[in-house]
Amino acid sequence: MAANKVEFVKLDDELVRICGELTRNSLVNERLLNQQVENVQSVRYFDLSEVSRVDTAGLAWLIHSLGKLQSQGKRLELKNVPEQLHNLMALGQVSNLFE
């Protein structure tokens with residue numbers, strides 16, 4: 001996978017694995033990214049085990065996705081959160097949003 005790329009792999013109706021980088025450089029096509037959270041039944045899980053790098057733009061996109069789903073009465077849960085994202089969430093004091 002090329003640098004600054006993000007890929008979404010739908011594993012089933014509720015689980016999407018995010019691969020690559022969640023950074024300002026990889027999140028340029030927000031419309032495409034937002035399609036990943038549309039048409040969700042009730043709970044959407046993002047498996048982050050293949051995320052190699054994340055920055056504040058990646059965290060902001062996750063928070064935006066969470067807000068969009070919550071406004072529709074749905075949930076978003078993160079699985080296999082990388083340490084780098086844990087650290088960003090702690091610094092931004094937003095860890096509780098994904099609990």
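In this briefing a residue is called buried under 20% relative accessible area, exposed over 50%, and partly exposed in between, as computed with a 1.4 Å probe on protein chains only. The model is predicted, and for this reason local features need pLDDT of at least 70 and side-chain atom pairs count only at pLDDT 80 or more, whereas totals for chains, interfaces and linings use all residues. Residues are numbered from 1 along each chain as its sequence is written, and side-chain values use heavy atoms, with hydrogens and water left out.

**Overall architecture**

- The chain comes to 3 helices and 4 strands, where helices (H or I, at least four residues) and strands (E, at least two) are DSSP runs numbered from the N terminus.
- Read from the N terminus on, these elements follow the order β-β-α-β-α-β-α.
- Of the 99 residues in the chain, 40% are buried.
- Among the contacts with a separation of 6 or more, 69% come from residues 24 or more positions apart, a contact being heavy atoms within 4.5 Å.

**The β1–β2 hairpin**

- Strand β1 (residues 6-10) pairs with β2 in the antiparallel sense over 5 bridges, and two strands are taken to pair if DSSP finds at least two bridges between them.
- The two strands β1 and β2 form a hairpin, with 4 residues between them.
- Within this pairing, Val9 stands opposite Arg17 in β2.

**Salt bridges**

- The structure holds 4 salt bridges, each defined as a side-chain nitrogen of Lys or Arg within 4 Å of a carboxyl oxygen of Asp or Glu.
- One of them joins Arg17 to Asp47, with the closest N and O atoms 3.0 Å apart; because Arg17 lies in strand β2 (residues 15-22) and Asp47 in strand β3 (residues 43-54), the pair ties together parts that are 30 residues apart in sequence.
- Another links Lys10 and Asp13, whose closest N and O atoms are 4.0 Å apart, and both Lys10 and Asp13 are exposed.
- Arg75 forms a salt bridge with Glu77, in which the closest N and O atoms are 2.0 Å apart; Arg75 is partly exposed at a relative accessible area of 45%, and Glu77 is partly exposed at 26%.

**Packing of α2 and α3**

- Helix α2 (residues 56-71) and helix α3 (residues 83-91) pack at an angle of about 75°, with their axes 10 Å apart; axes are lines fitted to C-alpha atoms, for helices over the stretch in contact, and angles run from 0 to 180 degrees between N-to-C directions.
- The helices α2 and α3 are therefore roughly perpendicular to each other, a class that covers 65 to 115 degrees, while angles under 35 degrees count as roughly parallel, over 145 as roughly antiparallel and the rest as oblique.
- Thr56, Leu59 and Leu62 of α2 make the contact with Leu85, Leu88 and Met89 of α3.
- By class, the contact of α2 with α3 has 5 nonpolar, 1 polar and no charged residues.

**Surroundings of Gln84**

- Gln84 is found in helix α3 and counts as partly exposed at 36% relative accessibility.
- Leaving aside residues up to four places away in sequence, Gln84 touches Ser52, Arg53 and Val54.
- Gln84 and Val51 are 33 residues apart in sequence and, from C-alpha to C-alpha, 9.8 Å apart in space.

Methods: Ala, Val, Leu, Ile, Met, Phe, Trp, Tyr, Cys and Pro count as nonpolar, Asp, Glu, Lys and Arg as charged, and the others, Gly among them, as polar.
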